[in-house]
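Visitor: I have a structure open and want to go through its side-chain contacts. Can we start with the terms and then take the pairs one by one?

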Amino acid sequence: MHGIVEERLIVAETIEEARDALRQGRAVLAGGSWVMRAPVRGQALPERLVSVGRIAALSRVEVEENEYVIGAAVTHFALTEALRDVPQLTGLVTAAATSANPAVRRVATLGGNLCCVDFAASDFAPALLACGALVYLETAQGPATLPMAEFLARRAEVLPRALLTGVRVPRSVRASAHQRLPMRKAGDYPVAIVSMAICGGELHIAVGSVEPIARRWTVLEQALDGRTLNPERAAELAATLNDFKGRDGIEADGWYRREVLPALVRRCTAALLSGESK
């Protein structure tokens, strides 16, 4: 029995061991919140897994001279605790602290969230897009780096051959905010998400859960460039420049996801200006 378990699950102690196991066709197991519910959703469990939870390098949150370094195995809860006193990252901390529910946040990891290719309602994706984060990967050819937008667009192609090791957020982020709209208070996936950040003097706006893949709202960014930020004016522009094609889902229809965006932009702008985000 012990041998059968070992055949199905191995525990990597280093990034190199995990990378080699991935190359042998094993699926990566981090917090397990996605893998363990697969049968409930009628999905098959992976035949062979490699656990990365004991790799110390993946569980660190570090503040370096130019970047915040967040390992892929850092849980939502750990990220919140590590960065809650960094006011510039209020948006990212809010994304970690308000997603799912408390029990899930204690086991679900940053990497697990970003590696779920079909999960459109990720809170981390728009929050990291707005902050201009870079994604770090370990491949057979060595380390690789991708901008967050490129990683999200190519992850189905990239991840079978690469281990996500973490993200790096530039310390040029001066302020950030994150607003989400679930249909109920707790536990629901948000029907729409708006994240904002001021990075090196530029306003970045990212939207999640409305389309299958989170993306920057560049036309709205350009319209607001050089203007004094005002929540009501930002919402008016958001209504005029709404170029999203809402996805239909069990939580909401696509048209509804689009319609709520101006209100979320207004709330997110107010949160950005006040330094608060809930």
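Guide: One term first: a residue is called buried when its relative accessible area is under 20%, exposed when over 50%, and partly exposed in between. Also, this is a predicted model.

Visitor: Fine. By that cut-off, is R180 buried or exposed?

Guide: R180 counts as buried, because its relative accessibility is 11%.

Visitor: What does the side chain of R180 meet in a salt bridge?

Guide: The partner is D123, with 2.8 Å from N to O. The two come from distant parts of the chain, 57 residues apart: R180 is in strand 9 (residues 173-182), and D123 is in the loop between helix 6 (110-115) and helix 7 (124-130).

Visitor: And D123, buried or exposed?

Guide: D123 is buried, at 4% relative accessibility.

Visitor: How many salt bridges does the structure hold?

Guide: The structure holds 16. As background, side chains of opposite charge can pair when their charged atoms come close.

Visitor: Which residue does E138 pair with?

Guide: E138 forms a salt bridge with R19, and the closest N and O atoms are 3.1 Å apart. E138 belongs to strand 6 (residues 134-139) and R19 to helix 2 (residues 15-23), so this pair ties together parts that are 119 residues apart in sequence.

Visitor: Are those two buried or exposed?

Guide: E138 counts as buried, at 12% relative accessibility. R19 also counts as buried, at 18%, and the cut-off for that term is under 20%.

Visitor: What about R168, which residue is its partner?

Guide: R168 forms a salt bridge with E64, with 3.2 Å between the closest N and O atoms. This pair also links distant parts of the chain, 104 residues apart: R168 sits in strand 8 (residues 162-170), while E64 sits in the loop between strand 4 (61-63) and strand 5 (67-71).

Visitor: How do R168 and E64 count for accessibility?

Guide: R168 counts as partly exposed, at 21% relative accessibility. E64 counts as partly exposed as well, at 32%.

Visitor: Changing topic. How many aromatic pairs are there?

Guide: The count comes to three aromatic pairs. One of them is W217 with F244, which is edge-to-face, with 5.0 Å centre to centre and 85° between the planes.

Visitor: Where do W217 and F244 lie?

Guide: W217 is in the loop between strand 12 (215-216) and helix 9 (218-224). F244 is in the loop between helix 10 (231-240) and helix 11 (254-259), so the pair ties together parts 27 residues apart in sequence. W217 is buried at 0% relative accessibility, and F244 is buried at 4%.

Visitor: Which residue lies over the face of F244?

Guide: R215 does, at 3.9 Å from the ring centre. Elsewhere, R106 lies over the face of F77, at 3.9 Å from the ring centre.

Visitor: How far is G254 from F244 in space?

Guide: G254 and F244 are 9.3 Å apart, C-alpha to C-alpha, and ten residues apart in sequence. G254 is found in helix 11 and is buried, with a relative accessible area of 3%. Not counting residues up to four places away in sequence, G254 touches G246, R247 and D248.

Visitor: Now helix packing. How do helix 3 and helix 4 cross?

Guide: The axes of helix 3 (residues 76-83) and helix 4 (residues 90-98) come within 8 Å and cross at roughly 145°. The crossing is left-handed. From helix 3, H76, L79, T80 and L83 meet L92, V93, A96 and A97 of helix 4.

Visitor: Last one, backbone. Which residues have a positive phi without being glycine?

Guide: A100 has a phi of about 50°, and S209 has one of about 75°. A100 lies in the loop between helix 4 and helix 5 (102-105), and at 27% relative accessibility A100 counts as partly exposed. S209 lies in the loop between strand 11 (202-208) and strand 12, and S209 is buried, with a relative accessible area of 0%.

Note on methods: Residues are numbered from 1 along each chain as its sequence is written. This is a predicted model: local features need pLDDT of at least 70, side-chain atom pairs count only at pLDDT 80 or more; totals for chains, interfaces and linings use all residues. Side-chain values use heavy atoms; hydrogens and water are left out. A salt bridge is a side-chain nitrogen of Lys or Arg within 4 Å of a carboxyl oxygen of Asp or Glu. Helices (H or I, at least four residues) and strands (E, at least two) are DSSP runs, numbered from the N terminus. Buried means under 20% relative accessible area, exposed over 50%, partly exposed in between (1.4 Å probe, protein chains only). Rings of Phe, Tyr and Trp (its six-membered ring) pair if their centres lie within 6.5 Å; planes under 30 degrees apart count as stacked, over 60 as edge-to-face and the rest as tilted. A charge sits over a ring if NZ of Lys or CZ of Arg is within 6 Å of the ring centre and within 35 degrees of the ring normal. Axes are lines fitted to C-alpha atoms, for helices over the stretch in contact, and angles run from 0 to 180 degrees between N-to-C directions. A crossing is left-handed if the near helix is turned anticlockwise from the far one by less than a right angle, and right-handed if clockwise. Contact means heavy atoms within 4.5 Å.
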